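Please examine the following structure before reading the dialogue.

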Amino acid sequence: MASPALLPLSSRRMAALSPGSSVSFYPHHRATLRLSEKFILLLILSAFITLCFGAIFFLPDSSKHRRFDLGLQDVLIPHIEQPRPAGRDGRDGPQGGGGGGGGAAAAVAGGGVMVHGGGEEHRHRHREEEEQLRKMIRADHERALEEAKEKLKKSKDQIRAEIQTEKNRVAQDAKKREGKQLPQVPIPKLVGINNGDPGDPETREKQEKIKEMMKHAWGNYRQYAWGHNELKPLSRKGHSTNIFGNSQLGATIVDALDTLYIMGLFDEFRDGKEWIEKNLDFSVNAEVSVFEVNIRFIGGLLAAYYLSGEEVFKQKAAQLAEKLLPSFNTPTGIPWAMVNLKSGVGRNWGWASAGSSILSEFGTLHLEFVHLSYLTGDPIYYKKVLHIRKLLQNMDRPHGLYPNYLNPRTGRWGQQNPFGPTLYHTSVGGLGDSFYEYLLKAWLVSDKTDTEARKMYDDAMEAIEKHLIRKSNSGLTFIGEWKNGHLERKMGHLTCFAGGMFALGADGSPDDKAGHYLQLGAEIAHTCHQSYDKTVLKLGPEAFKFDGGTEGVALRQNEKYYILRPEVIETYWYMWRFTHDPKYRQWGWEAAQAIDKYCRVVGGFSGVKDVYSSSPAYDDVQQSFFLAETLKYLYLLFSSDDLLPLDYWVFNTEAHPLPILRSMNSTLSGNIVFQ
Ligand code: DMJ
């Protein structure tokens, strides 16, 4: 039976199918639809399809999650699998090797989903929650449909005017937020923010030399790449990478400010401040790395604020932090790796284990976010990082180790292999490194009151020592990586920061192991120095092996480069502060001289492509971390200990000093306590 037309009838009529039949009594329908009719049909159809997809894909799989009350909010967190005994072959490795071993995670990968806190009541609750979510999505779509229908009734001009009004409102809101007065909070005691005269003329001369190198790096950036993220010292023009999106955010300026300040280069500092005041705008359509922006920009701005007391740095840090918040809008609260500063849309790197988030990225926010909450009076930042911590605390860790990848949609570790043994990657170098560093530093920045962070750090160090740290044939201590089911006897330049971390964490370690950890720091420093000493340029390669006859040397061409990285010098500096053994100043000086000899060019400093070649090619990049970290650690190495004393300051992973928050009343609501 034909039904009355839902859509307006066209004036064109069709002839009755059979004259005289009952069909002819019904209105004649036209053969085609008008454009607007087609559009409405399309709209309805697409809403319906979205609804179906929403139901299938976006509703959480209740079998993989359970409700968990963090005390902050009700969130979905992943299953916690019960650890299984070590692999069938009895190996004491984190992944239990092949052949169906691989511990708890392999059981998951094999499809054996475990239901925790089970029971009929539990399942019933899940069903109700799902039904509620479905209802919400349905209501959302119906509302959107209604709005679309209403819109279509309006004229083009009306729609245009409405869009403009909305745009103005958003812009005004943003302006208001930018001008928002931040609360006055007590500023921690800032001890040792300048001077640092080392006392003896020889060391003073070295300190001066480092300052001269800083002037050379900054001066050339100032001249050839001002406002760009980084400098191409050979091409003498601006440079950028995908971590900053397609933006010109002056990364080198922000990263270098505190180094300029502690070196007493105040004219340069003022120049940088002026640029930031006039030009640094975060409302740009750029997809940036949340981690990099946090450690370089937020860290840099906060440090510049604390050192100089200039409000503009605090304001800018707060504005930027707000722009990063949308990256936390994931089903688990584990942030996306990248966020578009304008739209707030986030996503992960395509190469990171099927769209996973990276441990060293989402695990390296704590220091800056605690300070942001402190300075803005808004607990949201602290809550975000505490949520990440709680989630990690409740996850299964194969043999106590944290895998490098975590899927922010499912809350499961990445790299689970559905067809065989689980292949986690665990590393104290790239992808893992600063997560461990921040556990320790979260404890330090809280004036040692955040004992939960300290416990996580201690447990992690114990597992790392047991499973990743080995001695080479010639007795060099190295930190390997778990990859593809075995310990890779390779150490990255990035991993060399761990020497400093062990030394920094020695005091306060359990079972009176302070001496042990200081010794471990010294051994890592020695190994990393060896990796420098065994090269032609006396600069360290990106990665070096301990296999067979190879002892701390890079074998592959693509591991032989040095890109002005700081980690080895960072470790020398921490070791110097804790031991005052003159060899650390000696090793630091060797590195400084090598950098000056082989990386210095007329237009700045450049990385080199092969540290084993006497005439290496340049990579033509002056990394912003060269000014933020490498030169700062060198300068501190040749300064007295009362410049930025470690009893008062904690350095973020980009070497930006942040004061320890002690003996002050927190302005924060919630459970942040700074005594
Ligand atoms: C810096 O940006 C930071 O130190 C980060 O933690 C990792 N490494 C680079 C410099 O090598």
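Predicted model: local features only at pLDDT ≥ 70, side-chain atom pairs only at ≥ 80, totals over all residues.

A: Residues are numbered from 1 along each chain as its sequence is written, and side-chain values use heavy atoms, with hydrogens and water left out.

Q: Which residues touch the most other members of the largest nonpolar core?

A: A nonpolar core is a set of buried Ala, Val, Leu, Ile, Met, Phe, Trp, Tyr and Cys residues joined through side-chain atoms within 4.5 Å; buried means under 20% relative accessible area (1.4 Å probe, protein chains only). Here the largest core has 158 residues, and Ile210, Leu392, Phe502 and Ile595 touch the most other members. Helix H8 (residues 290-308) contributes the most, with 12 residues; helices are DSSP runs of H or I, at least four residues, numbered from the N terminus.

Q: Is helix H9 largely enclosed or exposed, and why?

A: Because 12 of its 14 residues are buried, H9 is largely enclosed by the rest of the structure. The buried residues of H9 include Phe313, Lys316 and Leu324.

Q: At what angle do helices H5 and H6 pack?

A: Angles run from 0 to 180 degrees between N-to-C directions, and axes are lines fitted to C-alpha atoms over the stretch in contact. H5 (residues 201-224) and H6 (residues 251-262) pack at about 150°, their axes 12 Å apart. They are therefore roughly antiparallel, a term for angles over 145 degrees. Met214, Trp218 and Tyr221 of H5 meet H6 residues including Ile253 and Leu260, contact meaning heavy atoms within 4.5 Å.

Definitions and conventions: Buried < 20%, exposed > 50% of the residue type's maximum accessible area, 1.4 Å probe, protein only. Helix = DSSP H or I, 4+ residues; strand = E, 2+ residues; numbered from the N terminus. Parallel < 35°, antiparallel > 145°, perpendicular 65-115°, else oblique.
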